[in-house]
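Subject: Structure handover

Hello,

Here is the structure I promised to pass on. Please open it alongside this message, and then read my notes below.

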Amino acid sequence: MTRAVRKASEIIQKISKTLEMRKRRQMSFEGFIRYMSSEDCSIFKNNHRTVYQDMNHPLCDYFISSSHNTYLISDQLIGPSHLWGYTSALLKGCRCLEIDCWDGSNNEPVVYHGHTLTSKIPFHSVIQVIDKYAFVASDYPIVLSLENHCSPKQQEVMADYLESILGDKLLTSTTGDTVVTQLPSPEALKFKILVKNKKVGTIEESMLRRNLDSHGETGEISEFEIISDEDETDEKLYYSGVVLFRSCMTVKTKIAITLSDLVIYTKSEKFVSFEHSLANQKCYENNSIGEVRARKFVKHSAKEFVSHTSRFITRIYPKGTRTNSSNYNPQEFWNVGCQMVALNFQTPGVQMELQNGKFLDNGGCGYILKPEFLRNRNSTFTPHNVGRYSKPMSLSIRLISGHQLPPSNLSKTNKADPLVQIEIYGVPEDQVKKKSSVIKSNALSPRWDETFSFTVQVPELALIRFCVEDEISLVANEFLGQYTLPLLSLSKGYRNVPLLSKDGGNLEPASLFVHIWYY
């Protein structure tokens, strides 16, 4: 029996519902329809549904699924803080969670968005939920990014909860040598939870204190605080990764030694400049940079930014004026190798669709190996000038038909006039949108038979988004469904494109039928 015949026989055994058809090794028309709409014929490569990438590189070599203000499930000012924020993010494979910690009553630290009217939840409840759901969606390590505003006394309470609730899951010592010259890999840190916070002294000093009781001991950290608006629009303030500022002050922070010693490979370090990091930063020290400042670096110092992210974990977070929990486009920061591009997971939209689409890859484990040109410390890659890093891919998509598309809410007849937008997100040169014709009053089985061609210069960074809309008027369309996936996860041949709702829910049986070819 040839391999093709064996494969066909396996499909028939799996798809055919009657014993007679299975015996005759035949497939009915209904069986064929079932097969064409099954996962086997999905546009998403089957072998990308499990972990297939090398997970033995240092942590900084991966894009890491990251959430901003994970405890919020609405806006940033008056909305509720809720444990569901952590549960839902973890079930989506998120691997970096943010916890804003403040002093609470009765010596119990609380989690909320400080100096706002958002509600408060107990810190210990957050850690209990994380303990329960940490490794349901993925075996790979979780980073708890603490925004710590607590007094040393309540920091000790936090440390005690982390140790008592998380137990062996909490990483409390190095995995290899005490002297750390390279970050460990996701594989080496499987089923471990890491604390990201400011730290007093070095890892080596922490290890020497390991078996001592450090309760009541504190250390002090001095940092330069730049007095300049993070949302400053004057681009002259920034060049070559060096911030020119009007004035600065030294801020001293007290850290409880018990909490400080729980920080192993993810020490939070204030970002000064790329030059300063290159000269002074240790491999286990990482930076958080606001989206406005980071965007200026992408524009004016992309090469230095790529060099920085090849060495150090870099977290990007939304600007403070996004009070409605809106999101920025994560693609521009993935393009320069930023590992933790933190988004408001509670806010649906194109930005979260890109996030969810990107992290479908590699089994949805929350870690995706960066392309070699974003890991190589001698790389000269920049998103605006890809040069020799270009590996052009010619892509042809024949949009054939749609199947049971969702009804329109805005149409008077409830019969949609569907059209499909096919969009590529990647380096600036690859960004493109193409639109199909409109099929009037047919959401049940619209047929297009249109072919779209694309040339993609950096396929390793590209995502493709299929978006189905209802043409309401010449100037307005209503969203009906979408599907986003990495370009390199596209399967060739006749494929079905499952459609998802705005909040990521499956709209089954709604789908598109396409033919994919690339070389």
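Start with a hairpin. β22 and β23 form it, with 5 residues between them. Glycine 504 sits in the turn and has a positive phi of about 90°. Keep in mind throughout that this is a predicted model.

**Around the hairpin**

β22 covers residues 493-500 and pairs with β23 in the antiparallel sense, over 7 bridges. Within this pairing, tyrosine 494 stands opposite histidine 515 in β23. β23 spans residues 506-518 and is also joined to β16, residues 393-403. Those two strands run antiparallel, with 8 bridges between them. Here serine 396 stands opposite tryptophan 517 of β23.

**The mixed sheet**

Next, an open sheet of 5 strands. Its order is β4-β3-β2-β5-β6, and the pairing is mixed. β4 (121-122) and β6 (193-196) are the edge strands, each pairing on one side only. Helix α6, residues 152-166, packs on this sheet. The helix touches β2, β5 (142-148) and β6, and its direction makes about 165° with that of β5. Inside the sheet, β2 (residues 96-102) and β3 (residues 110-111) are antiparallel partners over 2 bridges. Tryptophan 102 faces this pairing too: it stands opposite valine 110 in β3.

**The parallel sheet**

A second open sheet has 4 strands in the order β11-β12-β13-β14, with parallel pairing. Which strands stand at its edges? They are β11 (267-268) and β14 (340-341). Each has a single partner strand, so one side of each is left without a neighbour in the sheet. For β11, there is a parallel pairing with β12, residues 285-290, over 2 bridges. Lysine 267 has glutamate 285 in β12 as its bridge partner. Helix α10 (residues 291-300) lies across β12 and β13 (314-317). Its direction runs at about 100° to β12.

**A buried isoleucine**

Now look at isoleucine 255, in strand β10 (residues 247-256). Is this residue buried or exposed? Isoleucine 255 is buried, because its relative accessible area is 2%, and the cut-off for buried is under 20%. Leaving out residues up to four places away in sequence, its contacts include Gln155, Lys198, Val200, Glu217 and Ser260. Valine 200 is 55 residues from isoleucine 255 in sequence. In space, the two are 7.2 Å apart, C-alpha to C-alpha.

**Salt bridges**

How many salt bridges does the structure hold? There are 19. One of them joins glutamate 223 and lysine 198, with the closest N and O atoms 3.3 Å apart. This pair links distant parts of the chain, 25 residues apart. Glutamate 223 lies in strand β7 (residues 218-227), and lysine 198 in the loop between β6 and α7 (203-208). Glutamate 223 counts as buried at 12% relative accessibility, whereas lysine 198 counts as partly exposed at 27%. Lysine 198 also touches isoleucine 255.

Another salt bridge brings together the side chains of lysine 440 and glutamate 471, at 3.7 Å from N to O. It too links distant parts of the chain, 31 residues apart. Lysine 440 is in the loop between β18 (432-435) and β19 (447-456), and glutamate 471 is in strand β20 (residues 463-471). Lysine 440 counts as exposed at 55%. Glutamate 471 is partly exposed, with a relative accessible area of 21%.

Aspartate 449 and arginine 447 form a further salt bridge, their closest N and O atoms being 2.9 Å apart. Aspartate 449 is partly exposed at 34%, and arginine 447 is exposed at 51%.

There is also a network of salt bridges. It links Glu291, Arg295, Arg322 and Glu332.

**A nonpolar surface patch**

Last, the surface. Which residues form a nonpolar patch there? They are Ile73, Trp84, Leu91 and Val136, and together they have about 370 Å² of accessible area. Isoleucine 73 lies in the loop between β1 (62-64) and α4 (84-91). Its relative accessible area is 32%, which means it is partly exposed.

Best wishes

Note on methods. Residues are numbered from 1 along each chain as its sequence is written. This is a predicted model: local features need pLDDT of at least 70, side-chain atom pairs count only at pLDDT 80 or more; totals for chains, interfaces and linings use all residues. Side-chain values use heavy atoms; hydrogens and water are left out. Two strands pair if DSSP finds at least two bridges between them. Contact means heavy atoms within 4.5 Å. Axes are lines fitted to C-alpha atoms, for helices over the stretch in contact, and angles run from 0 to 180 degrees between N-to-C directions. Patches are made of residues with over 30% relative accessible area and no salt bridge: like charges are joined within 9 Å, nonpolar side chains (Val, Leu, Ile, Met, Phe, Trp, Tyr) within 5 Å. Accessible areas come from the Shrake-Rupley method with a 1.4 Å probe; for residues, only the protein chains shown count as cover. A salt bridge is a side-chain nitrogen of Lys or Arg within 4 Å of a carboxyl oxygen of Asp or Glu. Buried means under 20% relative accessible area, exposed over 50%, partly exposed in between (1.4 Å probe, protein chains only).
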